[in-house]
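I opened a notebook on side-chain pairings for this model. The entries below follow the order in which I looked things up.

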Amino acid sequence: MKRSNLLCAAVALTGMLAVGCGGQGKADYDALVANGWQLKEIIAADSSYTILPERPVTVVFSDSSTVSGFAGCNGFFGTFSTIGQSEIIIEPKGRMMAMCPDIEFEDRFMALLEQVTSYTVLDGKLSLNDTENGMTLLFDPQTKEETK
């Protein structure tokens with residue numbers, strides 16, 4: 001009898017934890033696709049700096065698992081998928097090919113975007129992370145005026 005009660009308690013606790021964690025993961029996903037996002041900072045093992053380009057770097061995740069945005073010089077598009085509560089895989093598929101003076105930044109940003117392995121939305125801010133390489137892309141939500 002005691003063994004079955006212990007088993008029932010363990011199953012119930014596991015269920016409560018799954019529901020609690022699953023709810024947060026769903027909330028993060030809903031926030032991820034609810035906004036366009038504007039890059040504010042790149043924190044990398046080799047440097048940390050604020051982005052102040054002429055045109056803001058942006059990213060938009062949609063419910064249809066597509067991602068698009070502006071990388072500093074050119075627009076880009078691709079797909080993404082989420083796994084579990086916070087894992088994400090971003091696969092840029094293409095971008096416009098205008099020649100720009102800041103193409104080096106754009107190339108670096110696109111490479112970093114492909115390395116992202118997890119995301120969080122905390123206090124209305126998006127963090128795309130690659131913990132293996134010690135890199136974080138920090139975004140603020142875009143306002144309605146910024147998305148036009």
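Is E106 buried or exposed? I looked up E106 and found 0% relative accessibility, so E106 counts as buried. I took buried as under 20% relative accessible area, exposed as over 50% and partly exposed as in between, with a 1.4 Å probe and protein chains only.

Ground rules next. This is a predicted model, in which local features need pLDDT of at least 70 and side-chain atom pairs count only at pLDDT 80 or more, while totals for chains, interfaces and linings use all residues. Residues are numbered from 1 along each chain as its sequence is written, and side-chain values use heavy atoms, with hydrogens and water left out.

**Entry: salt bridges**

I listed 3 salt bridges in the structure. My criterion was a side-chain nitrogen of Lys or Arg within 4 Å of a carboxyl oxygen of Asp or Glu.

R95 pairs with E106 at 2.7 Å, N to O. R95 lies in strand β6 (residues 87-95) and E106 in helix α2, so this bridge ties together parts that are 11 residues apart in sequence. For the elements I used DSSP runs, numbered from the N terminus: helices are H or I with at least four residues, strands are E with at least two.

I then checked the accessibility of R95. R95 is partly exposed, at a relative accessible area of 25%.

R95 also forms a salt bridge with D107, at 2.8 Å, N to O. Here strand β6 and helix α2 are tied across 12 residues in sequence, because R95 lies in the strand and D107 in the helix. D107 is partly exposed, with 37% relative accessibility.

The remaining entry on this list is D140 with K125, whose closest N and O atoms are 2.7 Å apart. D140 lies in strand β9 and K125 in strand β8 (residues 125-130), so the pair ties together parts that are 15 residues apart in sequence. K125 is partly exposed, with a relative accessible area of 44%. Shared partners join R95, E106 and D107 into one network of salt bridges.

**Entry: around D140**

Strand β9 covers residues 135-141 and holds D140. I set contact as heavy atoms within 4.5 Å. Which residues does D140 touch, leaving aside neighbours within four places in sequence? I found G36, W37, Q38, K40 and K125.

**Entry: aromatic pairs**

I counted 3 aromatic pairs. Rings of Phe, Tyr and Trp (its six-membered ring) pair if their centres lie within 6.5 Å; planes under 30 degrees apart are stacked, over 60 edge-to-face, and the rest tilted.

F61 lies in strand β3 (residues 58-61) and F80 in strand β5 (residues 75-83), so the pair ties together parts that are 19 residues apart in sequence. I found both F61 and F80 buried.

The F105 and F109 ring centres are 6.4 Å apart with planes at 15°, so I logged the pair as stacked. Both lie in helix α2 (residues 103-115), 4 residues apart, about one turn of the helix. F105 and F109 are both buried. Together with F76, F105 and F109 form one aromatic cluster.

**Entry: charge over a ring**

Which ring does the charged end of R55 sit over? I found F70, with the charged end 3.9 Å from the ring centre. The test I applied was NZ of Lys or CZ of Arg within 6 Å of the ring centre and within 35 degrees of the ring normal.
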